[in-house]
Structures are given as structure tokens and as C-alpha cells.
Amino acid sequence: NGDRGPGYLGWVDDHTIWYQSEKSGYSHLYTLDTETGRSRDLTPGHYEVLQAELSPDHRRFFIITNQTSPGDRRFYQLDVATGHQTEITRPGGGNEVVVSFDGKTLAVLHSTNVDPWELYLQDNLPGSVAKKITDRAESAEYRSYRWRRPQIITFRDRAGLDVHASVY
């Protein structure tokens with residue numbers, strides 16, 4: 001992407017820079033109007049923006065965050081003007097996403113606690129269904145085993161901090 005520079009940085013338009021920063025204690029996206037000096041947090045909250053890319057039309061960001069839980073990586077479209085996020089990938093677990101050059105299609109590597117990485121194709125639209133392209137990660141023996149899906153829990157430690165865990 002020609003808009004990405006060192007440390008996730010680029011131009012939205014002739015006078016607006018976007019950048020990624022951890023100044024809130026979490027990795028988030030910001031814009032800065034170079035004419036007014038006004039900065040705006042596009043993704044406030046207690047989660048991390050793990051990946052960010054500006055769409056070809058510069059009206060949306062394509063982002064991956066862990067806002068549903070620390071172990072989930074989901075893909076969203078983020079409207080630059082309003083900051084509104086629309087979730088595109090649904091399944092919990094990990095989603096590594098590459099957006100096509102025109103911004104219309106996603107190549108998604110998806111996995112969960114018990115499902116190895118597989119490749120999917122999906123339209124870059126809310127509610128679109130991912131189509132599984134590969135099925136080589138699981139052998140017949142692997143598929144025949146009754147895997148236990150962990151219960152994901154969060155509890156507070158003595159210091160009052162959230163601790164996230166998987167219980168089998």
C-alpha cells in the first residue's frame with residue numbers, strides 16, 4: 001500500500017494525516033488535520049488495532065482488532081468521517097486478512113483454538129459469507145478426534161487487572 005509508511009502512517013487527503021499510536025495505552029488509529037493541528041482518535045477503547053490499511057477510495061480503513069477478546073482477531077471497515085466500525089469477519093478466533101487491490105475481496109486465513117489455519121475468500125461486505133478454499137490443515141485422523149473447545153474466561157487478579165484465560 002503506497003499510503004503506509006514506517007509505523008503505520010499515511011495521508012487521508014491533502015491536509016489530513018493518519019497514524020497509529022499507543023498514547024492511550026492501547027494501539028489506536030488517529031487523524032491529524034495539518035491545517036488546524038486537531039487530532040482525533042478514530043478507535044477509542046480498551047483494545048488494540050493490530051493492523052490498519054486505508055481503502056483505495058480513502059473513505060474507510062480496513063482494520064483488524066482484538067476488541068471482542070484478546071484472543072480474537074476480527075476484520076472491520078472503519079468509516080474515516082464518522083469513526084463507525086462495521087464488522088466483516090464473523091467467526092471467533094484468528095483472522096489474518098489481505099484486501100484485494102480494488103478493496104472488494106478478502107483473502108482470509110482463519111483458525112480457532114482447535115481448528116488449524118485454512119484459507120477463505122470473502123466479499124468485503126457486511127454479512128458476506130466466507131468460502132473455504134483449502135482443507136489441507138486437518139488430516140482424517142485429526143478431524144475424527146472430538147476436540148474440546150475451551151471456555152474463555154476473564155477474572156480480576158489481586159491488583160484489579162483483568163486476566164484472560166482458556167479453561168479446558
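**The hairpin**

Through how many residues does a hairpin join strand 10 to strand 11? The hairpin that connects strand 10 with strand 11 runs through six residues, where strands are DSSP runs of E with at least two residues, helices are runs of H or I with at least four residues, and both are numbered from the N terminus.

**Basis of the model**

This is a predicted model, in which local features need pLDDT of at least 70 and side-chain atom pairs count only at pLDDT 80 or more, while totals for chains, interfaces and linings use all residues. Residues are numbered from 1 along each chain as its sequence is written, and side-chain values use heavy atoms, with hydrogens and water left out.

**The chain as a whole**

The chain contains one helix and 14 strands, and its C-alpha trace spans about 60 × 45 × 25 Å along its principal axes. Of its 168 residues, 35% count as buried, that is, under 20% relative accessible area with a 1.4 Å probe and protein chains only, whereas exposed means over 50% and partly exposed lies in between. Taking a contact as heavy atoms within 4.5 Å, 21% of the contacts between residues at least 6 apart in sequence join residues at least 24 apart.

The side chains include 19 positive and 23 negative ones, with the centres of the two sets lying 7 Å apart; Lys and Arg count as positive and Asp and Glu as negative, while His and the chain ends are not counted. Each charge is placed at NZ of Lys, CZ of Arg, CG of Asp or CD of Glu.

An open, antiparallel sheet is formed by four strands in the order 9-10-11-12, two strands being paired if DSSP finds at least two bridges between them. Its edges are strand 9 (94-99) and strand 12 (131-132), each of which pairs on one side only.

Within this sheet, strand 10 (residues 105-111) and strand 11 (residues 118-123) pair in the antiparallel sense over six bridges, whereas strand 11 and strand 12 pair, also in the antiparallel sense, over two bridges.

Strand 11 has a covered face made up of E118, Y120 and Q122, and an uncovered face with L119, L121 and D123. On the covered face, Y120 stands opposite V108 and has K132 as its bridge partner in strand 12. On the uncovered face, L119 stands opposite L109.
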